[in-house]
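Here is a short report on one protein chain. The overall make-up comes before the surface.

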Amino acid sequence: MKKLLIALLFFTTASSAQNDTTNQEAKEPPKQKKWYENVQIRGYMQTRYNRLLETNPQLKCEQCDRSIGEGGGFFMRRMRVIFFGQVHERVYFYVQPDFASSASTNSLQFGQIRDAYVDVGLNRKNELRVRIGQSKVPFGFENMQSSQNRLPLDRNDALNSALSNERDLGVFFYWAPEDKRRMFSSLVNEGYKGEGDYGVIAFGAFNGQTANRPEQNNSLHVVGRVAYPFKIGDQTLEPALQAYTGRYVVPADQLSPGVKVVKGNEYRDERVAATLVMYPKPFGFMAEYNVGRGPEFNKDTDSIELRNLYGGYITLNYMIKANKQIIFPFFRAQHYSGGKKHELDARSYDVNEYEIGVEWQPWKNFEFVAEYVFSERRFEDFRRQENLQKGRLLRLQAQLNF
């Protein structure tokens, strides 16, 4: 009897202790992640060769790929490591350096900031947020689309001439309802070549001298964009309108001795553009066109003048899925007539170009692109006033995704 009473007492004590522990655990709140546990890293690297089947080594494109044409060889176009994370329910950060920047024509593979910004949510679902820092300016679908996702190897001249490296330092507001934010993300994550989440409505102010260059005047640029993706059956369409305006100062280090400029080197810089995208499910297309005014070299007067500009492009593509591999045949035609404010003497351009190519993704972490280019480019500045180049070339790119 004594042994039975001792056993019952031991069982009661153990059960009570277990219940106390369980109750204590239930009362303790779940551990919150430290901010650094929400930080993630990803990136990509692109290596190119542009000299195969080349017919004119004088055909070049400074803004596109400086290894095109004479003197070019194997070239690391991009080497990017991206640090990002939702470090607070209302605070998101994104930092992207590029380790394939060129300090000069003789010095390659330098590190330089491409993006460095913070998004602050202004409501509980972060449907309205403000972006502070250096980031892409919301102007043009292909400008905002990551080079990691784009099919043609370089952005089109017409809209990309607006912003060197597509970025500037400023403050931008983005708004989109929760369902549209999910749609923007899925169009990238599911491989449909989306531009990412830049909101249904975007507006903001930025320096206007383009990325990694200091402000030159007391006048900010302002920009606005409206985009609305929607579904029709299995297809997803996204129309958009965007515009910006401001005053751009042509830097002294971008002027040839003897070229004439207006007082203060300051010119009106303004554009408006329209976009229509149908995502490849399986057939897709992208079309954009912009018009505006900006600084442009005039060889008849040896001066940089405020002149009209216009141009756009259309890209056709098709998604083929075969044995977990993805193949994207594509075709792009583009035209641009106008200046490029960030090049020497606001270089004057007339571009007509056609590209036919294919992107092959055997695995998620590796892509290979081959495209054949038919190009006609007139690019003239004070030093080179008669410069029309025509040619063809085969371009190759290997891309690592991690």
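The sections below cover the model, its fold, its charges and one surface patch.

## Model basis

This is a predicted model: local features need pLDDT of at least 70, side-chain atom pairs count only at pLDDT 80 or more, and totals for chains, interfaces and linings use all residues. Residues are numbered from 1 along each chain as its sequence is written, and side-chain values use heavy atoms, without hydrogens and water.

## Overall make-up

The chain holds 4 helices and 18 strands. These are DSSP runs (helices H or I, at least four residues; strands E, at least two), numbered from the N terminus. The C-alpha atoms fill a box of roughly 115 × 50 × 45 Å along the principal axes.

Of the 402 residues, 49% are buried (under 20% relative accessible area, 1.4 Å probe, protein chains only). Take contacts (heavy atoms within 4.5 Å) between residues at least 6 apart in sequence: 61% join residues at least 24 apart.

## Charges

The chain has 54 positive and 47 negative charges, and their mean positions are 5 Å apart. Lys and Arg count as positive, Asp and Glu as negative; His and the chain ends are not counted. Each charge is placed at NZ of Lys, CZ of Arg, CG of Asp or CD of Glu.

## Nonpolar patch

Phe283, Ile314, Leu316, Tyr318, Ile320, Phe331, Tyr354, Ile356 and Phe374 form a nonpolar surface patch with about 760 Å² of accessible area together. β13 (303-318) and β16 (348-363) each give two or more residues. β13 gives the most, with 3.

Leu316 lies in strand β13. Leu316 counts as partly exposed because its relative accessibility is 34%, between the 20% and 50% cut-offs.

How values were computed
Patches are made of residues with over 30% relative accessible area and no salt bridge: like charges are joined within 9 Å, nonpolar side chains (Val, Leu, Ile, Met, Phe, Trp, Tyr) within 5 Å. Accessible areas come from the Shrake-Rupley method with a 1.4 Å probe; for residues, only the protein chains shown count as cover. A salt bridge is a side-chain nitrogen of Lys or Arg within 4 Å of a carboxyl oxygen of Asp or Glu.
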